[in-house]
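This report describes the pockets of one protein model and the surroundings of its ligand. Please keep the sequence and the structure in view while reading.

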Amino acid sequence: MTNISSNLFKIKDSLPESVRLVAVSKFHPAEAIREAYDAGHRIFGESRQQEIEIKHGQLPKDIEWHFIGHLQTNKVKSVLPYIHTIESVDSVKLLREIEKQAKALSVRVDCLLEVHIAREPEKYGFTMDECREFLAGGEWQDYQGVTIAGVMGMATYTDDKEQIRHEFRALKAFFGELKDSFFRDDDSFRHVSMGMSGDYEIAVAEGSTLVRVGTFIFGEREY
Ligand SMILES: *Cc1c(COP(=O)(O)O)cnc(C)c1O
């Protein structure tokens, strides 16, 4: 067994069945993804349009690609043909562009609203109030290219486990609030994407449904 596949099995064994694993393969070569694929894994996370395009060409077509990085509006059109889920929708402007381009391509893409939960000032992500305001506006109910499938968040980069727990708990509670307010009868709003290599165990304990783990599986990235 390779390192990658044994790491993959280690983490999969530790996750409850209700939690899905996104293997974050950004900056790792297609051969590394292939190893995880051959070990049975199908969901991979990438953060750059060009990298996905290249890897998509090199790898089997039943891979479910998740986009997890900041996405510029001018890259939306070129990334859509390869993508199952965009986890990092961080503005209304971006969401509208995804809707416009997906509709034009007659595809439908799952989108998660990236919510700013960390203590450090972030460049990207919605505040909770911005999410509430957008959803209350209702335009998303007519979207044909976008399914709003949940929320995503990143905790503060810190050793303080209680701080991290507190932030994940807040995101889970916020998901519950949005579910009750806007998606009560809508099963497609279902994901709380939280947890990375350093904090996924806390995230799972706090109700994550989707963890995004890179380093633990593939090793350190060389940028
Ligand atoms: C890179 C990245 C990850 C994976 O981080 P690791 O620490 O390598 O597990 C998860 N989520 C996002 C949004 C990322 O950019």
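## Terms and model

A pocket is here an open set of points on a 1 Å grid over the protein atoms alone, with protein on both sides within 12 Å along at least five of seven lines, and its volume is the space filled by probe spheres set on the points. The model is predicted.

## The second largest pocket

By this definition, the second largest pocket has a volume of about 180 Å³. Its lining consists of K12, L15, P16, E17, V19, R20, L21, H41 and I43, which divide by class into five nonpolar, one polar and three charged residues.

## The largest pocket

The largest pocket has a volume of about 1,000 Å³, and among the 35 residues that line it, K26, M154, Y157, M196 and R221 are the closest to its centre. The lining of the largest pocket comprises 13 nonpolar, ten polar and twelve charged residues, and α7 (161-182) and β8 (210-213) each contribute at least two residues to it.

## The ligand and its shell

The ligand takes up the space of the largest pocket. The residues around the ligand are V24, K26, I68, M154, M196, S197, R212, V213, G214, T215 and R221, a shell with five nonpolar, three polar and three charged residues.

An N or O atom in the side chain of K26 lies 2.7 Å from an oxygen atom of the ligand, while an N or O atom in the side chain of R212 lies 2.9 Å from a nitrogen atom of the ligand. For T215, a polar side-chain atom is 2.5 Å from an oxygen atom of the ligand. Taken alone, the ligand exposes 390 Å², of which the protein buries 89%.

Key: Residues numbered from 1 in each chain as written. Predicted model: local features only at pLDDT ≥ 70, side-chain atom pairs only at ≥ 80, totals over all residues. Heavy atoms only, no water. 1 Å grid on protein atoms, 1.4 Å probe; cavity = no way out; pocket = protein on both sides within 12 Å on 5 of 7 lines; lining within 4 Å. Helix = DSSP H or I, 4+ residues; strand = E, 2+ residues; numbered from the N terminus. Nonpolar A, V, L, I, M, F, W, Y, C, P; charged D, E, K, R; others polar. Near = heavy atom within 4 Å. Polar contact = N/O pair within 3.5 Å; in protein donor to acceptor, adjacent residues only side chain to side chain. Areas by Shrake-Rupley, 256 points an atom, 1.4 Å probe, with all protein chains shown as cover. Sits in = over half its atoms within 2 Å of the grid points.
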